[in-house]
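Student: I would like to go through this model with you and ask, for each label attached to it, what value stands behind the label. Could we start with a single residue and work outwards?

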Amino acid sequence: MIAIVDYGMGNIRSVQKGFEKTGFKAEVAQDPEVIRKASAVVLPGVGAFKDCMKNLTTLQLICPIVEHIQKGKPYLGICLGMQILFSESEEFGKTPGLNLIPGKVVRFHFEQAAQDPSDLHKIPHMGWNTICKVKNPPILKEVPDQTYLYFVHSYYVVPDDPEVIATTTHYGTDFTSMIWKENLFATQFHPEKSQEAGLSILKQFAMMAS
């Protein structure tokens, strides 16, 4: 069973619908025991890093999520669900994350680029952009290099270890748009909003859990 973690933030239903379109069932879950028993866990989300960590703590979901990953079962983090894997975020002051991937979450800064109107980038980074494959994780099996995927974010992750970087994307600067470490997959882009390419990613992830 694929469990989509409901911690009060994010587009939970659209992720669930995405799995349904690929022929796989995913259950929205807030019960720690359901998450512990799941064969795969998906943690989507949009919003503030600090609020996310607070909600996960209040709902007692941190331990089951960490245990799930440490047991080697598939995990997919989407957007905020990717960022909380890291050591800390600078959003609204430093906030500790799960520290499963050493590194930090930082904000886009385009002050210098903004001096040239032709190189002006708005924050948040919102809309379609391409990925550049650094590695070829199994969930990108049917997604070619330079595929357009959908983004909406103002912060991005900076891993300490470049070996976890699966794809990068350019938006004023090259940033990490996907990480992959063994059973752990996480994307800054939104597969559930990325049409056929995104559905392919959800399908490949679901197949790992079946």
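Student: Why is Val 28 called partly exposed?

Tutor: The model is a predicted one, and in it Val 28 has a relative accessible area of 31%. Buried means under 20% and exposed means over 50%, with partly exposed in between, so at 31% Val 28 is partly exposed.

Student: Where is Val 28 found, and what does Val 28 touch?

Tutor: Val 28 is found in strand β2, residues 26-29. Leaving aside residues up to four places away in sequence, Val 28 touches Ile 4, Asp 6, Ile 12 and Gln 16. For Ile 4 there is also a C-alpha to C-alpha distance, 4.7 Å, against a sequence separation of 24 residues.

Student: What is phi for Phe 92 and for Asn 99, and in which loops do they lie?

Tutor: Phi of Phe 92 is near 55°, a positive value in a residue other than glycine, and Phe 92 lies in the loop between β5 (86-89) and β6 (95-96). Asn 99, which is not a glycine either, has a positive phi of about 60°, and its place is in the loop between β6 and β7.

Student: Which peptide bond is cis, and what is its omega?

Tutor: The bond that joins Ile 123 and Pro 124 is cis, with omega about 10°. Pro 124 is found in the loop between β7 (101-107) and β8 (125-130).

Student: How do you know that the buried residues of helix α3 are on the same side?

Tutor: In α3, residues 49-58, the buried residues are Phe 49, Cys 52, Met 53 and Leu 56. They cover an arc of only 95° around the axis, which puts them on the same side of α3. An α-helix has 3.6 residues a turn, so residues three or four places apart point the same way. The face of α3 turned away from the buried side carries the exposed residues Lys 54 and Thr 58, and after α3 comes Gln 60 with a positive phi near 60°.

Student: Which residues of helix α4 are buried, and what do they pack against?

Tutor: In α4, residues 62-70, the buried residues are Pro 64, Ile 65, Val 66, His 68 and Ile 69. They pack against several elements, including β1 (2-5), α2 (32-37), α3 and β14 (184-187). Gly 72, which follows α4, has a positive phi near 85°.

Student: What makes the radius of gyration of the protein agree with a compact globule?

Tutor: With 210 residues, a compact globule would have a radius of gyration near 17 Å, and the protein has 16 Å, so the two agree. The C-alpha trace spans about 50 × 35 × 30 Å along its principal axes, and 55% of the 210 residues count as buried. Among contacts with a separation of 6 or more, residues 24 or more positions apart account for 68%.

Definitions and conventions:
Residues numbered from 1 in each chain as written. Predicted model: local features only at pLDDT ≥ 70, side-chain atom pairs only at ≥ 80, totals over all residues. Heavy atoms only, no water. Buried < 20%, exposed > 50% of the residue type's maximum accessible area, 1.4 Å probe, protein only. Helix = DSSP H or I, 4+ residues; strand = E, 2+ residues; numbered from the N terminus. Arc of directions from axis to C-beta. Rg over C-alpha atoms; globule rule 2.2 N^0.38 Å. Contact = heavy atoms within 4.5 Å.
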